[in-house]
Amino acid sequence: MAFVLPALACAAPSREGVRSKGGGDAPGAGDPAAAAHLSLRDSDGRGATLSSVIGGRPSLVSFWAPWCEPCVRELPVLEKLSRAVAPCGGAVVGVAVGEKPDAIATYARERALTYRQLTDEPFVVADALGQRRIPATVVFDRAGRVVFTGEALDARATAALARALGDAKACALP
């Protein structure tokens with residue numbers, strides 16, 4: 001697993017003028033299991049939750065935004081990782097924070113990103129998971145438990161995903 005990306009982080013966009021249901025008052029705030037059931041939007045604007053998208057699969061979730069340079073540098077690596085873990089029963093999911101579904105759908109299509117993209121325009125899930133900076137990486141196991149949280153995608157994140165997948169030898173991660 002040779003992921004060498006700089007550990008730079010972007011501050012989350014200003015929440016001024018955005019009514020965030022996150023933070024201390026959010027249902028599920030501080031509770032990763034509850035956060036997986038909070039509402040997001042898919043690229044078609046339909047409602048979705050992390051738990052419905054992950055569906056009991058070990059998953060790496062990347063919180064990102066198109067204006068965040070370190071996030072954008074991770075996208076090709078996440079695409080490659082997604083293709084590697086799919087045959088092993090795993091998933092990679094992107095969650096664009098502060099963005100509209102149609103904008104992310106266009107952005108992903110233009111960059112040939114095939115892994116699932118969701119949007120968290122009001123920061124509900126990001127806040128509930130305590131993700132205040134992007135990129136942020138969260139790994140879920142088959143039971144939907146958070147087994148890793150970190151910033152930029154790195155070897156620790158992919159190792160956590162490999163452990164969540166179980167037999168890492170059967171799944172050659174990039």
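This briefing describes the fold, the packing and some local features of one protein chain.

The model is predicted, so local features need pLDDT of at least 70 and side-chain atom pairs count only at pLDDT 80 or more, while totals for chains, interfaces and linings use all residues. Residues are numbered from 1 along each chain as its sequence is written, and side-chain values use heavy atoms, with hydrogens and water left out. The protein chain has six helices and nine strands; helices (H or I, at least four residues) and strands (E, at least two) are DSSP runs, numbered from the N terminus. Of its 174 residues, 49% count as buried. Buried means under 20% relative accessible area, exposed means over 50%, and partly exposed lies in between (1.4 Å probe, protein chains only).

**The sheet**

- Seven strands form an open sheet with mixed pairing, in the order S3-S2-S6-S5-S4-S8-S9. Two strands pair if DSSP finds at least two bridges between them.
- Strand S3 (47–48) and strand S9 (146–150) are the edge strands, and each pairs on one side only.
- Strands of a sheet pair through backbone hydrogen bonds, either parallel or antiparallel.
- Strand S5 (residues 91–97) pairs with S6 in the parallel sense, over five bridges. Valine 97 has aspartate 120 in S6 as its bridge partner.

**Helices on the sheet**

- Helix H3 (residues 69–85) lies across strand S4 (59–64) and S5, and runs at about 165° to S4. Axes are lines fitted to C-alpha atoms, for helices over the stretch in contact, and angles run from 0 to 180 degrees between N-to-C directions.
- Helix H4 also packs on the sheet, where H4 touches strand S2 (40–42), S4, S5 and S6; the direction of H4 makes about 150° with that of S6. Contact means heavy atoms within 4.5 Å.
- In H4, the residues Pro101, Ile104, Ala105, Tyr107 and Ala108 are buried. They lie on the same side of H4 because they cover an arc of only 165° around the axis. The arc is that of the directions from the helix axis to the C-beta atoms.
- The buried residues of H4 pack against S2, S4, H3, S5 and S6, whereas Asp102, Arg109 and Glu110 are exposed on the other side of H4.

**The nonpolar core**

- The largest nonpolar core has 53 residues, and those with the most contacts inside it are Leu50, Leu60 and Phe63. Such a core is a set of buried Ala, Val, Leu, Ile, Met, Phe, Trp, Tyr and Cys residues joined through side-chain atoms within 4.5 Å.
- The elements that give two or more residues to this core are H2, S4, H3, S5, H4, H5, S8 and helix H6 (155–165). H3 supplies the largest share of this core, with seven residues.
- In soluble globular proteins, nonpolar side chains tend to be buried together.
- Leaving aside residues up to four places away in sequence, phenylalanine 63 touches a list of residues including Val95, Val97, Asp120, Leu129, Pro135 and Val138.
- Among contacts between residues at least 6 apart in sequence, 70% join residues at least 24 apart.

- Serine 62 is in strand S4 and counts as buried because its relative accessibility is 1%. Not counting residues up to four places away in sequence, serine 62 touches Glu74, Leu78, Val93, Gly94, Val95 and Ala136.
- Serine 51 lies in helix H2 (residues 50–54) and is partly exposed, with a relative accessible area of 25%.
- With residues up to four places away in sequence not counted, serine 51 touches Ala36 and His37. From C-alpha to C-alpha, serine 51 and alanine 34 are 9.4 Å apart in space, and they are 17 residues apart in sequence.
- The side chain of serine 51 makes a polar contact (3.1 Å) with the side chain of threonine 49. A polar contact is a pair of N or O atoms within 3.5 Å; within protein, one must be able to donate a hydrogen and the other to accept it, and residues adjacent in sequence count only if both atoms are side-chain atoms.

**Backbone features in loops**

- A cis peptide bond, with omega of about 0°, joins isoleucine 134 and proline 135. Proline 135 is in the loop between strand S7 (133–134) and strand S8 (136–140).
- Alanine 112 is not a glycine, yet has a positive phi of about 55°. The loop that holds alanine 112 runs between helix H4 (101–110) and strand S6 (116–120).
- Phenylalanine 123, also not a glycine, has a positive phi of about 65°. Phenylalanine 123 is in the loop between S6 and helix H5 (124–128), and counts as buried because its relative accessibility is 2%.
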